Every structure is written in C-alpha cells, then in structure tokens.
Amino acid sequence: LLFVFVFQITLCVFVQCSGISIIWCAIAGWIFMDWKGDRQIESEQQQGANHRSYHQICILVIDLIVIVYYAIVAEPITTLAHSLAITILGMPLHIISKKNTHNDIIRANIDDYEEITGQ
C-alpha cells in the first residue's frame with residue numbers, strides 16, 4: 001500500500017492531478033481479488049466468509065458507482081487511470097502479497113519440521 005501512496009503522490013507532482021482516486025481504486029482491485037478468493041473458501045468456513053464478502057461487495061459497488069460518476073463528469077483519462085489503478089496496481093499487489101504470505105507459511109513449516117526432527 002505504501003507503493004500506491006508514493007505512486008499517487010508522484011503522479012500528482014508530475015501530471016498535476018489532484019485527489020486520491022488512484023489509492024481507492026487500487027484498494028478496490030485488492031478487495032476484488034480478496035473477495036474472489038473468499039468465494040473459494042471451504043464450506044466449514046463459509047459463514048464467516050459470507051459476512052466478510054457482504055462488506056466487500058458493498059465497497060466494490062460503491063467504488064463502481066463513483067467510477068461511473070467520474071466517467072460521466074470527468075475527462076476520459078480519469079476513467080482510464082481508475083481502471084489501470086484497479087488492474088495494474090491493486091490486483092497484482094494482492095497476488096504478490098498472497099504469494100509472499102504463502103511462501104512465508106511454507107518456510108515456517110519447514111523450519112518447524114527441521115526443529116522437531118533435528119535436521
């Protein structure tokens with residue numbers, strides 16, 4: 001997320017844009033990927049995932065409404081920037097984060113195994 005903040009600030013400095021739409025669109029891309037992953041959770045965990053999914057859907061719907069509003073009232077470059085922030089920043093950052101988390105879990109399990117077995 002820090003990268004997205006820095007990117008937004010840099011963009012505003014060089015392109016003279018204003019606002020934080022890149023940030024909230026990147027977050028929406030992240031939430032979309034998280035929601036998509038929650039839909040694949042096993043049935044025994046489904047009730048907690050449903051509650052979380054409801055909030056994620058609400059956020060995504062609000063985000064979509066705001067993007068449509070800006071598409072109507074702002075220049076087309078704004079909608080392009082919103083779309084790119086979702087697809088090029090938010091979604092890939094979520095994937096990278098999940099991959100790194102998964103690798104950390106595997107490394108921790110290997111370390112635990114080596115500690116238990118003395119290897």
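These are my notebook entries on a predicted model of one protein chain.

**Ground rules.** I number residues from 1 along each chain as its sequence is written. In this predicted model, local features need pLDDT of at least 70, side-chain atom pairs count only at pLDDT 80 or more, totals for chains, interfaces and linings use all residues, and side-chain values use heavy atoms, with hydrogens and water left out.

**Entry: the whole chain.** I looked up the secondary structure and found four helices and zero strands. Helices (H or I, at least four residues) and strands (E, at least two) are DSSP runs, numbered from the N terminus. Along the sequence I read α-α-α-α. The chain has 119 residues, and 24% of them count as buried. Buried means under 20% relative accessible area, exposed over 50%, and partly exposed in between (1.4 Å probe, protein chains only). The accessible surface (Shrake-Rupley method, 1.4 Å probe) comes to about 8600 Å². Carbon and sulfur atoms hold 66% of that surface.

I then looked up contacts (heavy atoms within 4.5 Å). Among those between residues at least 6 apart in sequence, 56% join residues at least 24 apart.

**Entry: helix 1.** Helix 1 covers residues 2-15. I checked its span. Its 14 residues should span 20 Å at 1.5 Å a residue, and the end C-alpha atoms are 20 Å apart, which agrees. The expected span is 1.5 Å times one less than the number of residues.

Which residues of helix 1 are buried? I noted V4, Q8 and C12. An α-helix has 3.6 residues a turn, so residues three or four places apart point the same way. The face turned away from the buried side carries exposed L2, I9, V13 and F14. Q16 follows helix 1, and its phi is positive, near 60°.

**Entry: Q8.** I looked at Q8 by itself. Q8 counts as buried because its relative accessibility is 4%. Leaving out residues up to four places away in sequence, Q8 touches C17, G19, I20, S21, I22 and I23.

**Entry: the core.** I looked up the largest nonpolar core and found 11 residues, among them V4, I22, I23 and M91. Such a core is a set of buried Ala, Val, Leu, Ile, Met, Phe, Trp, Tyr and Cys residues joined through side-chain atoms within 4.5 Å. Helix 2 (21-38) and helix 4 (76-117) each supply at least two of its residues. Helix 2 gives the largest share, five residues.

What does M91 contact beyond its neighbours within four places in sequence? I listed G29, W30, F32, M33 and I86.
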